[in-house]
Amino acid sequence: MKKLFDWKYFYLQAGMILALLLNFLPAQAEYIITTEVGMGTNGYSGDEGVATIAQISRPHGITLDSLGNLYFADMDNYCIRKIDTNGIITTIAGNGIDGYSGDGGGATAASIRGAYGIAVDSHGNLYFADFFDHRVRKIDIDGIITTIAGNGIQGYSGDNDLASLAQLNKPQGMIVDNEGNLYIADSGNQRIRKIDNDGIITTIAGDGITHEVAFGMEGPILAGIYGGDTGKATAAQLNNPTSVAIDSLGYLYIADTDNNRIRQIDTNGIITTVLGNDMSLNHPTGIAIDTSDNLYIVDSKNHRILKRDTSGIVTTLAGNGMEGYGGDNGNALQAIFHSPEGIVVDGNNLYIADTGNHRIRLLMQVPHLPTLGKANAIDGMGDSISNTATFAGGTSSNEGDYQNPVELDSSENVDIFSRITVDPGHIGRRGDIVVYIAHKKSSLAEEETFYMLDNEGDIIPWDEDLSNLVGFKEDILFKSEQWLQIDAASMIPGLLRVFLGYRLRSGIVVSSVQSLDMTINYSNTNGVGIDAENNDISTYANFVGSVAISGEESEESEESIVVNQANKISINFTIKVDPYHIGQSADIIMVGIYKVKDTTVFYVRDGNKVPWKIWNGDFSNLAIAQTDIQLPKRLKVSVFEGDFVPGQVIFYVGYRLNNYGDIFYSGKPLSFLVE
């Protein structure tokens, strides 16, 4: 007779549950979550605007290039979209029409049938899986699209031959290794395939067997296949592999999705299961690996993001397991996802394709912060009122080492973090996060100048009138805790006291009594200033320039860019104007120095912009390229040329204040050699 209750079975199950709970501990490092792309409404809109208010549709694959630009497969919009480092979204491939066309032409004119996986190589070429076309396509750095794998016929064939002649079956995730080999999850074929630098395709995992027959009470049924561990990966059984990743040792990881496992192939081609054999995963899809070889998993149907460290310990980083949308600007463990799919690592942070919510979300790791104590609050009339809000915050000159006060160099790439514990009476109300700054140029300065951070993260003058205080983060629904991250590169050199706070729609402003105190020292900046008497003066202006050769932009470097005399050249500068100069009247100057053998000739461009005029180097005789403009926060200057003669060209751009005659220009010029 069968026992009604088996204590041995009970203890076994209890042990498994305990092991599972211990294995999936909550993350020790805190993450906060924000939405970086998408307003949550299924659709297509927003190009050339801020990514947070764009419409996207079921994003899947997601990746980053070496410059920090984010790319994702906007699947149901049949396109690939890009978010630059300023948060602006554009479409770089796909005309929005479901189909297959456009090879050999501009990628934005091509038709795509459902982009899934996406990857970028070290040269900036982008690859994506055209899922329903059973192809892998490439967008080169000139924006030209081609097919590199798959003949468009659903099936399996072509190994050891050109990938463009092979058959694929619903390709999904992909990754490029350091040698330029491309690995593809050929999901419908239950295989992982590789395309080498010669364009030859091979199978490196999966025997292609998709199902086995089992017999139930209703007759024969199909069941997914799992097998092959500790043997050759090419003889193993996979079940809908959707994503791949590579660690620093060259080990390949596979999201074996319908087997609810993560599997690993070592450098000898042996496959093992590293996660999921305890039934702890539910439809894992995206996977990614950081520079320390920690593995991150999108546990899609559990609506969570997991981390497996190099010792095998698994923690939950984000998601409370509920399906839906919620949790932005709070602890990521309380966030709500809807069937997330893709993931990419950015340093200590993670971008997640929250597919069902039509959003891209960011997990930011935040440090333990110094306490800034209680808050000061005033009402809309300027009268003090009581509150119980508290603040913590810090700035780091070394990664992970947050402190207050801190001394920084203006070239250091650091962040300011703050945590606001909101007054309980303000939770659930709407308002703005505000940041204002008291600044001295040096310790010798007697008076402070006041600034605020606007919603683009730019520092702008402020008159200390709270009614004129701009929101850094606008229209927030306040939760019990609000996290704030500021790029310290937006600050200006000198002695700064940074105050953090929030403002309710009623006019109540709650801010930190204690400030974040920073000393930011000058470094080798790219802005130089001289006054009307040719004396050196300081500036906070920032000049970023590039040379484009026949449409291909080059980063300015210590070595000269070499161009052919016949090339079409364009010179582009973005000037982040010194905050002291915003709104002032100024003239734009352009100076070219031409070196041919032992001869140096100075040129300037006048308001007619044709042609360049010879200049004697005297600033009082400086011709003006553009006159009497009101300086904005950012200024774009472009010059298009095509008739250079052989020689060395050294190019400067700048502006001259009309009121004072002070000139501020790029301390490091753009330089190129014409042959």
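Tutor: Let us begin with Lys 194, which stands opposite Thr 202 in E15. The strands concerned are E14 (residues 191–195) and E15 (residues 200–205), which run antiparallel and are joined by 4 bridges. Please keep in mind throughout that this is a predicted model.

Student: What is the strand order of the open sheet that holds E14 and E15?
Tutor: The order is E11-E15-E14-E13-E12, an open sheet of 5 strands with antiparallel pairing.

Student: And which strands stand at the edges there?
Tutor: Those are strand E11 (161–162) and strand E12 (171–176); each has a single partner strand, so one side of each is left without a neighbour in the sheet.

Student: Since it is predicted, what is the mean pLDDT of the chain?
Tutor: The mean is 86, and 87% of the residues reach 70 or more. Two stretches need caution: residues 1–28 stay under 50, and the model has 23 contacts for them beyond four places in sequence, while residues 555–559 are also below 50, with 7 contacts in the model beyond near neighbours in sequence. Where pLDDT is low, the predicted coordinates should not be read in detail.

Student: How many helices and strands are in the chain?
Tutor: The chain has 1 helix and 57 strands. Of its 675 residues, 50% count as buried, and among contacts between residues at least 6 apart in sequence, 55% join residues at least 24 apart.

Student: Back to sheets, then. What is the order in the open sheet of 4 strands?
Tutor: That sheet runs E18-E19-E20-E21, again with antiparallel pairing. Its edge strands are E18 (241–246) and E21 (271–275), each of which pairs on one side only, and from one strand to the next the twist averages 30°.

Student: How many bridges join E18 to E19?
Tutor: There are 5 bridges between E18 and strand E19 (residues 252–256), and the two run antiparallel. Within this pair, Ser 243 stands opposite Ala 255 in E19.

Student: Which residues does Thr 285 touch, leaving out those up to four places away in sequence?
Tutor: Ser 243 and Ala 255 are both among them, together with Thr 242, Thr 257, Val 298, Ser 300, Pro 340 and Glu 341. Thr 285 itself has its place in strand E22.

Student: Is Thr 285 buried or exposed?
Tutor: Thr 285 counts as buried, because its relative accessibility is 2% and the cut-off for buried is under 20%. Strand E22 (residues 284–289) is mostly covered, with 6 of its 6 residues buried.

Student: Which strand does E22 pair with?
Tutor: E22 pairs in the antiparallel sense with strand E23 (residues 295–299), over 4 bridges, and the bridge partner of Ile 287 in E23 is Ile 297. The hairpin of these two strands has 5 residues between them, and there Asp 293 takes a positive phi near 70°.

Student: New topic: which residues touch the most other members in the largest nonpolar core?
Tutor: That core has 36 residues, and the ones touching the most other members are Ile 486, Met 491, Val 498, Leu 500 and Tyr 502. Several strands each supply at least two of its residues, including E30 (371–378), E36 (430–440), E40 (481–487) and E41 (494–504), and the largest share, 5 residues, comes from E41. Apart from it lies another core, of 27 residues, among them Leu 631, Val 653, Leu 657 and Leu 670.

Student: What is Leu 500 in contact with, leaving aside neighbours within four places in sequence?
Tutor: The contacts of Leu 500 include Leu 372, Phe 391, Val 434, Leu 484, Ile 486, Val 510 and Leu 516, as well as Ser 418, Ser 511 and Ser 512.

Student: Where is His 426?
Tutor: His 426 lies in the loop between E35 and E36, and it counts as buried because its relative accessibility is 8%. Not counting residues up to four places away in sequence, His 426 touches Phe 478, Tyr 502, Leu 504, Ile 508 and Val 510.

Student: Which side chain makes a polar contact with that of His 426?
Tutor: That is Tyr 502, at 2.7 Å, and Tyr 502 is also one of the core residues that touch the most other members.

Note on methods:
Residues are numbered from 1 along each chain as its sequence is written. This is a predicted model: local features need pLDDT of at least 70, side-chain atom pairs count only at pLDDT 80 or more; totals for chains, interfaces and linings use all residues. Side-chain values use heavy atoms; hydrogens and water are left out. Two strands pair if DSSP finds at least two bridges between them. Axes are lines fitted to C-alpha atoms, for helices over the stretch in contact, and angles run from 0 to 180 degrees between N-to-C directions. pLDDT is the predictor's confidence in each residue, from 0 to 100. Contact means heavy atoms within 4.5 Å. A nonpolar core is a set of buried Ala, Val, Leu, Ile, Met, Phe, Trp, Tyr and Cys residues joined through side-chain atoms within 4.5 Å. Buried means under 20% relative accessible area, exposed over 50%, partly exposed in between (1.4 Å probe, protein chains only). A polar contact is a pair of N or O atoms within 3.5 Å; within protein, one must be able to donate a hydrogen and the other to accept it, and residues adjacent in sequence count only if both atoms are side-chain atoms.
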